[in-house]
Amino acid sequence: MSEGIPGRARVGVRDVAAAAGVSTQTVSRVINDHPHIRPETRDRVVAAMAELGYRVNNAARALGTATTRTIGVIASDTDLYGPAAGIGALERAARSAGRWIATAYADGADAASVAAAADHLLAQGVDGIVVVAPHTAALDALASADPGVPVVTLHARVEAADGTGEPDRGAAGAALAVEHLVDAGHRRIAQLAGPAAWLEAVARDVGAESALAARGLELTARWRGDWSAGSGSALAHEIAGALDADDGPTAVVVANDQMALGLISGLAQLGVSVPRDVSIVGFDDHPDAAFYLPSLTTVRLDVAGEAWRCVRVLLGDEHPPQPAAPQLVVRASTRPV
């Protein structure tokens, strides 16, 4: 058995103060970003901290500043690309703002699980909470818990009927997908939607329906999957049957790329060719979407910009930067009729 690596005594504030030739109060002010510290003094303290290997104790700092410089993240369904990409983007955005994230995983459909995750984060003294892949139950549970810190979702809710609130990027992206198909001559458009309990799925439903209504059209059919490629494949037989009808769809808008991948694969096994027999548009622009067969036309969201917006909101920015508008990436899975 290894004897391990010998430790060394923990470096404290007094050690840093002695090395930098300042008081312990000055070191504390540097650690806590006090605005009235001369730059040369700050540099000297920072250099001493680096030389001695001093690490800031966030718990101790919180006693004096009421902040741990940590942002809590409640995440669910992280085996899916969208939530996983969102967590990565939040980590990068927080680090850019000099913050860290603490992540608690929960069953997003279980209010008790979400409440427990929130309690865990609050016990760590997080300065705010971001909810990734929110279900309706998750936000209802947080609202009831009254966490006492700011709470934001990675993607905004659907815009209210009276026009107030932020426009939802998911709804706007779904509208882009529909408009692309209508402009290509499609008039019978169906949707493979996400689970109805997910706010993002609802937003994409609303976006597709609104874009069709604006062109005087309605959805030909709607099926619901669970975001997985497996659910897209499982629905392929039913969707193929709908395509055979005289009034069947000529295109399908799919709520994410993973379901689109499964649908394309399942249809191919049934002898249905994409895009010869049906055009398909996905959503998310998964890193592999360009390598699907055929390559997938899809909607790209500015996940990094959305994460940065969330972080700035939690830091008290009253006018946070907004993400870039959704982008349609046209590839081989769609064609004109």
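How many bridges join strand β3 to β4? Three bridges join β3, residues 129–131, to β4, and these strands run parallel. Two strands count as paired if DSSP finds at least two bridges between them. Strands (E, at least two residues) and helices (H or I, at least four) are DSSP runs, numbered from the N terminus.

Please note that this is a predicted model, in which local features need pLDDT of at least 70 and side-chain atom pairs count only at pLDDT 80 or more, while totals for chains, interfaces and linings use all residues. Residues are numbered from 1 along each chain as its sequence is written, and side-chain values use heavy atoms, with hydrogens and water left out.

I turn to the sheet. It is open, has four strands in the order β2-β1-β3-β4, and shows parallel pairing. Because β2 (100–105) and β4 (151–153) stand at the edges with a single partner strand each, one side of each lacks a neighbour in the sheet.

What is the volume of the largest cavity? The value is about 230 Å³. A cavity is a set of points on a 1 Å grid over the protein atoms alone where a 1.4 Å probe fits but cannot get out; lining residues have an atom within 4 Å of a point. Volume is the space filled by probe spheres set on the points, which are joined across faces, edges and corners. Of the 19 lining residues, Gly82, Pro83, Glu200, Arg204 and Asp284 are the closest to the centre of this cavity. Helix α5 contributes the largest share of the lining, five residues.

Notes: On a 1 Å grid over the protein atoms alone, a cavity is a set of points where a 1.4 Å probe fits but cannot get out, and a pocket is an open set with protein on both sides within 12 Å along at least five of seven lines; lining residues have an atom within 4 Å of a point.
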